[in-house]
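Q: I'm new to this one. Can you put it up and take some questions?

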Amino acid sequence: EGADASGRRPGASFGSSDLALGLSGSGRVSPALRLGVTVKALRSTIAGYSSNLALASDLGLRWSLPRLTLGLSLNHLGQGVRFLTHTDPVRRALAAGAEFPVGPVTATVSARRPLRGEGLDLGVGASVALGAASFRTGYQARGRRAGSAVAPAGGAASALAGLVAGVGLELGRARFDYAFSLADSDSGQGHKVSISLGWGEH
């Protein structure tokens, strides 16, 4: 829902979208440890206004152990997103996670904290693979940001806001992923679609 300069909400709604194009690569540091980097171009659109094409990068480590995989990443190192004459710095963040099997299910836990400002995001998830397809569900608890435009809802609506679900389809070296969240950032429900093409050693 939109708001004017004084914070009043006239009732008009608007749409928003983000586009990210990335190129990733990784290499083995040791038999169990991989170091990776992603270079990406970002563009956002809000209420018909498009931002600049911002360049950013992610750095990550992946440590593979028997029945456990650990990850650590530093995200969104790069330019800010500019709308008209205003530039918002990208939210650089440090993220950590773990993945492990529980019977036929792959379970995940994660934590993400911005390098500046407040808020700690925690997440749990589970996925099941059926042939080339995988089905996922999870819950994300988002920390309250200073200056957030949306006040948290109460009751059942607040409890359900962190639910996420998704599906993935792997065809050779191509992968399609779709995810849906009830509360994506401050803009309400979110849909995320990604298409990945891989090459080299996995």
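Q: Where does Ser134 lie?
A: Ser134 lies in strand β11, residues 133-141; strands here are DSSP runs of E with at least two residues, helices are runs of H or I with at least four, and both are numbered from the N terminus. This is a predicted model, in which local features need pLDDT of at least 70 and side-chain atom pairs count only at pLDDT 80 or more, while totals for chains, interfaces and linings use all residues. Residues are numbered from 1 along each chain as its sequence is written, and side-chain values use heavy atoms, leaving out hydrogens and water.

Q: Is Ser134 buried or exposed?
A: Ser134 counts as buried because its relative accessibility is 12%. Buried means under 20% relative accessible area, exposed means over 50%, and partly exposed is in between, with a 1.4 Å probe and protein chains only.

Q: Which side chains make a polar contact with the side chain of Ser134?
A: One is the side chain of Arg136, at 3.3 Å. Another is that of Arg175, at 3.2 Å. A polar contact is a pair of N or O atoms within 3.5 Å; within protein, one must be able to donate a hydrogen and the other to accept it, and residues adjacent in sequence count only if both atoms are side-chain atoms.

Q: And which residues does Ser134 touch?
A: Leaving aside residues up to four places away in sequence, Ser134 touches Val128, Ala129, Gly166, Val167, Gly168 and Arg175. Contact means heavy atoms within 4.5 Å.

Q: Changing topic: how many bridges join β1 to β2?
A: 14 bridges join β1 (residues 16-30) to β2, and the two run antiparallel. Strands pair if DSSP finds at least two bridges between them. Asp18 has Ser44 in β2 as its bridge partner, and a hairpin of two residues joins β1 to β2.

Q: What else is β2 joined to?
A: β4 (residues 54-65) is joined to β2 by 10 antiparallel bridges, with Lys40 opposite Ala56 in β4. β3 (residues 49-50) is joined to β2 by two bridges, also running antiparallel; there, Thr45 has Ser50 as its bridge partner.

Q: One more thing. What is the phi of Arg67?
A: Arg67 has a positive phi of about 65°, although it is not a glycine. Most residues other than glycine have a negative phi. Arg67 lies in the loop between β4 and β5 (68-78), and it is exposed, with a relative accessible area of 62%.

Q: And His76, where is that?
A: His76 is in strand β5. Its phi is also positive, near 65°. His76 counts as partly exposed because its relative accessible area is 22%.
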